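Hi there,

Here is the structure I promised to pass on to you. Have a look at it first, and then read my notes below.

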Amino acid sequence: GYWVLKEKFRGGINVQEKVKIQKEPMKLFMENGIEELAKTSFEELEKSKDSKDDIDVRLKWLGLFHRRKNHYGRFMMRLKLPNGVTTSAQTKYLASVIRKYGEDGCADVTTRQNWQIRGVVLPDVPEILKGLAEVGLTSLQSGMDNVRNPVGNPLAGIDPEEIVDTRPYTNLLSQYITANSLGNPTVTNLPRKWNVCVVGSHDLFEHPHINDLAYMPATKDGRLGFNLLVGGFFSPKRCAEAVPLDAWVSADDVIPLCKAVLEAYRDLGTRGNRQKTRMMWLIDELGIEGFRAEVAKRMPFQELERASSEDLVQKQWERRDYVGVHPQKQEGLSYVGLHIPVGRLQADDMDELAHVADKYGTGELRLTVEQNIIIPNVENSKLEALLKEPLLKNRFSPEPSILMRGLVACTGNQFCGQAIIETKARALKVTEEVERHVAVTRPVRMHWTGCPNTCAQVQVADIGFMGCMARDENGKPCEGADVFLGGRIGSDSHLGDVYKKSVPCKDLVPLVVDILVKHFGAVPREREEGED
């Protein structure tokens, strides 16, 4: 049972839909088509449109992204890591995969609490997939028109202030979506990608307002459950915050509700212009009540309760910082949040992280949407020794500077063919230069994204940089950025607006310094030194 678009609806569909109709992408996994593909030379694969579509499009259903433009013959592999929870054994395995690719191999922490590994070559894929399964990982259904990694509270189960432990729900969602990593073709032919999160913190670490479906904890008649937000998304042409569905489900109905929403989107969503195929466009078309009715009729008893007024998320809540050393709800234990500069790691870094997690914690690591990593379950008696580890002293600090700790960057044009500018190295360089000019006393989140797809979510940043082509003082084309300002996360979330368009990258430092002084209370270093 593969789900295929009916013939009478195929008029005016986009190119990607035609690729799906021509050949079911999930067969590469469920019928082992990847084995045959991996044995075929790239030269041979390039000879037909069908096999080119396999390597450039259909393999994304297996989490494999061919870097045709900037890294020809190499693939990025995106994993599924519900709630961002991983183990030292999994981390060591991923390190072993990227190590053999030398300079081509590295790993990134993504803005969906996930791993992406780089440098993968096609002949190695069947073996890598087996290795992933052995350590309890999968890359299945992590790209294209699929449900992306379920996001949860990075402090789930250890946070003294948590509302609900999100791990059981994100795990259930992932198990349902991928049919326990065997493949679930009932939800692999969506009109476009689809994001889901379960909120467990007052801090809204999970960013519910930018997800297609967000579960917001709320009680009703003494029962724990969730109010629902729907439709949040970013795209080059439009960004929208999620809106209330005016619905509540009990904790037992998390999966039936997810299934109903996905089926409504799958069956009714438009498949024409790719810029208008995210779920919010369907909500606009049907109206929120019309969409709600479609979801209700797909629930097990064709019913959907109205939203609860007993919202458990406190609106007036100052967002906490998880980087650094913090006490857990378990007596005698702490978690340590490490800053991973722009989320980039090498094989040795991953091995050392795994070693540190084994030595000082319980071998567990937590990835965050800000591209950082948390080591939970550290005995307080071991904290001093952990903080002296060379890895924490030299690479991944628990005490980064204010601007560095809020820095997020997408892959950029080093590896991504869609990126217009280089982001990761530039984000670090600009931030370092800015820090030499001003002293900042309060957190400022700066996000860099290489193109309008906004994978680094610049619209939720205090200051955002979106790659574009600009012109220098001589009128010559150069790498630049549209600068955004005013994004907020938390209960009073707000998407930022364009502050200045097409700024050449070489002119960003003075602009950012000016913004920080005018809008964020930063103090120029000369004045600061003069006052001393």
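This is a predicted model: local features need pLDDT of at least 70, side-chain atom pairs count only at pLDDT 80 or more; totals for chains, interfaces and linings use all residues.

Residues are numbered from 1 along each chain as its sequence is written, and side-chain values use heavy atoms, with hydrogens and water left out.

Let me start with the aromatic rings. Searching the whole structure gives 6 aromatic pairs; rings of Phe, Tyr and Trp (its six-membered ring) pair if their centres lie within 6.5 Å, and planes under 30 degrees apart count as stacked, over 60 as edge-to-face and the rest as tilted. One of them is the edge-to-face pair of Phe205 and Tyr322, with 5.8 Å centre to centre and 75° between the planes. Phe205 sits in the loop between strand E6 (196-198) and strand E7 (213-220), and Tyr322 in the loop between strand E12 (310-311) and strand E13 (324-327), so this pair ties together parts that are 117 residues apart in sequence. (Helices, H or I with at least four residues, and strands, E with at least two, are DSSP runs numbered from the N terminus.) Phe205 and Tyr322 are both buried, where buried means under 20% relative accessible area, exposed over 50% and partly exposed in between, using a 1.4 Å probe and protein chains only.

Tyr215 and Phe226 also make an edge-to-face pair, at 5.7 Å centre to centre and 80° between the planes. Tyr215 belongs to strand E7 and Phe226 to strand E8 (residues 223-230), 11 residues apart. Tyr215 is buried at a relative accessible area of 0%, and Phe226 is buried with a value of 0%. Elsewhere, ring pairs join Phe42, Tyr72 and Phe75 into a cluster.

Two arginines sit over tryptophan rings. The charged end of Arg238 is over the ring of Trp281, 4.7 Å from its centre, and Arg266 lies over the face of Trp3, 3.6 Å from the ring centre. The test here is that NZ of Lys or CZ of Arg is within 6 Å of the ring centre and within 35 degrees of the ring normal.

Now the helices. Helix H6 (residues 88-99) packs with helix H12 (residues 347-360) at about 165°, their axes 8 Å apart; axes are lines fitted to C-alpha atoms, for helices over the stretch in contact, and angles run from 0 to 180 degrees between N-to-C directions. That makes H6 roughly antiparallel to H12 (under 35 degrees is roughly parallel, over 145 roughly antiparallel, 65 to 115 roughly perpendicular and the rest oblique). Residues in contact (heavy atoms within 4.5 Å) include Leu94 and Ile98 of H6 and Met350 and Ala354 of H12.

Helix H9 (residues 254-268) and helix H10 (residues 279-286) pack at about 80° with axes 10 Å apart, which makes H9 roughly perpendicular to H10. Val261, Ala264, Tyr265 and Leu268 of H9 meet Met279, Leu282 and Leu286 of H10.

Finally, the backbone. Gln113 has a phi near 55°, a positive value in a residue other than glycine. Gln113 is in the loop between strand E4 (106-109) and strand E5 (115-120), and is buried at 1% relative accessible area. Gln302 has a positive phi of about 55° too, although it is not a glycine, but at 52% relative accessibility Gln302 counts as exposed.

Best wishes
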